[in-house]
Every structure is written in C-alpha cells, then in structure tokens.
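Here is a briefing on a predicted model. It covers strand pairing first, then helix packing.

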Amino acid sequence: MADMGLFRNAVADWAAGGADGPAGQPAAELAAELGVASVVLVEGPSDLAAVETLAARLGRDLPAEGVCVVSMGGAMNVGRYARILGPAGLGLRLTGLCDEREQPYFDRGFQRAGAPRPEVFVCVRDLEEEFIRALGVPRVEGVVEAEGDLVPWQTFVRQPAQRGRDPHHRMRRFLGTKKGRKIRYGHLLAQALDPALLPAPLDGLFTALDPARAGR
C-alpha cells in the first residue's frame, strides 16, 4: 500500500520537472489511491516534522483525514507547488504555514493558483520562535539539556555576539546553527508543547483542517 511519503516524492519530482511536465500522473494516481484531499505547504523539513508531531499530540491522523504535509525546499517554490496541487492542477485544497518574511511568496503563489489566501497561517518570525515563546526559554533549555546539547548552548551564549541579546533571540539562533538541528528540535519542541497552548498560527491551521469543518 502506498503512503504519504511516496506521494510527497512524486510531487517533488513533478515540481522539479516543471509544472507543465509529464510527471504529474504518478502524483495524481497516488493522490487518488491515498484519498488526499488537502495539502499543507511548508517551507522545509523542520516545519514538516513539527506539524506531524503536533498532529499526533492532538490525536489527529492526518493521512486518514486526507491531509498531506508537503515540504517544498524553500518558500520561493510555493508558486510551482500551488499550481500543480491546487485548483489548476490536482484540484486539492491548499493550506500553508509560513514565516512572516515568506508571506508575500505564499500570497502570490496562492493567488495565481486560485487558492484562498486566508488558508495561509503566518508565524511572527518563524515556527521555532513560536515554540520558544509558547514554551518559555527555561523549558526549551530543559529540552536542550535532555538532548545532550547543554554544553554547546552554554558555549553559544558566551560568544561576544550573543551578549545582551534577548534570550528568545539567542535560543532561536542556536537552533539554526548546526545542520539538522532545526529538524530535530522541530519534532522535540512540538512534543514538549502542551496542546492546549498552541501558538495562534498552528491553532488556526489545525482548526482549518478539522474534518468537522469540511464543507462549511
């Protein structure tokens, strides 16, 4: 039986080959087989890890709901993905989660694809900052320590460039200083977050994806 990973791979191949290329048939066939009705477009794998982890924490089975979270490899690709997956392509419902600085790309991409702009949910800076603000720096430091990253964190905050900076800003910078760290902590911080305290953009996204709201 096919899974959402195969569908994501087929979509990525289609997008890489150009929206007008012949590679859309495998994605279309997999979408039909898996019952995909909605796609959440996110910039990268750390966002994908966070959304899927939060879905599990909330007791949501996104594949069973016909929802696939798709990492696009950069916000500038949103126009291409929206075109092949949205009304002009596979006809799937498009939603998106993005950083504030990426919002113009999503606005243009969704508009050109004929998808509703209100379906894009915007983090103030980025998803990591939303998690840090919701959890608080001491709680995030606890996660960092549990992961064995306390010494690198303490070394980082002692750097002259970090002195006097806001603790939230320092932690956000730290999570992006090593390859793969954002992906790992996207999952870990989502796991640590109380589902009752979801940041507004994530709460909006999961509310919009609620099957009970379908067709409203």
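In strand S2, Cys-68 is the bridge partner of Val-39. Strand S1 (residues 38-42) and S2 pair in the parallel sense over five bridges. Two strands pair if DSSP finds at least two bridges between them. Helices (H or I, at least four residues) and strands (E, at least two) are DSSP runs, numbered from the N terminus.

Residues are numbered from 1 along each chain as its sequence is written. In this predicted model, local features need pLDDT of at least 70, side-chain atom pairs count only at pLDDT 80 or more, and totals for chains, interfaces and linings use all residues, while side-chain values use heavy atoms, without hydrogens and water.

**Sheet**
- Four strands form an open sheet with parallel pairing, in the order S2-S1-S3-S4.
- Strand S2 (67-71) and S4 are the edge strands, and each pairs on one side only.
- Neighbouring strands of this sheet are turned by 20 degrees against each other on average, direction ignored.
- Axes are lines fitted to C-alpha atoms, for helices over the stretch in contact, and angles run from 0 to 180 degrees between N-to-C directions.

**S3 and S4**
- Strand S3 (residues 93-99) pairs with strand S4 (residues 120-123) in the parallel sense, over four bridges.
- Asp-99 stands opposite Cys-123 in S4.
- From S3 the chain passes through helix H5 (residues 103-113) to S4, in a right-handed β-α-β crossover (with the strands pointing away from the viewer, the path from the first strand over the helix to the second runs clockwise).
- Helix H11 (residues 200-208) lies across S1, S3 and S4, and runs at about 165 degrees to S4.

**H3 and H10**
- Helix H3 (residues 45-57) and helix H10 (residues 181-192) pack at about 20 degrees, with axes 8 Å apart.
- H3 is therefore roughly parallel to H10 (angles under 35 degrees count as roughly parallel, over 145 as roughly antiparallel, 65 to 115 as roughly perpendicular and the rest as oblique).
- The contact (heavy atoms within 4.5 Å) includes Ala-49, Ala-50 and Leu-54 of H3 and Ile-183, Gly-186 and Ala-190 of H10.
- By class, this contact of H3 with H10 has seven nonpolar, five polar and two charged residues (Ala, Val, Leu, Ile, Met, Phe, Trp, Tyr, Cys and Pro count as nonpolar, Asp, Glu, Lys and Arg as charged, and the others, Gly among them, as polar).

**H7 and H10**
- The axes of helix H7 (residues 137-146) and H10 come within 11 Å and cross at roughly 125 degrees.
- H7 and H10 are therefore oblique to each other.
- Arg-139, Val-140, Val-143 and Val-144 in H7 meet Tyr-185, Leu-188, Leu-189 and Ala-192 in H10.
- Seven residues of the contact of H7 with H10 are nonpolar, none is polar and one is charged.
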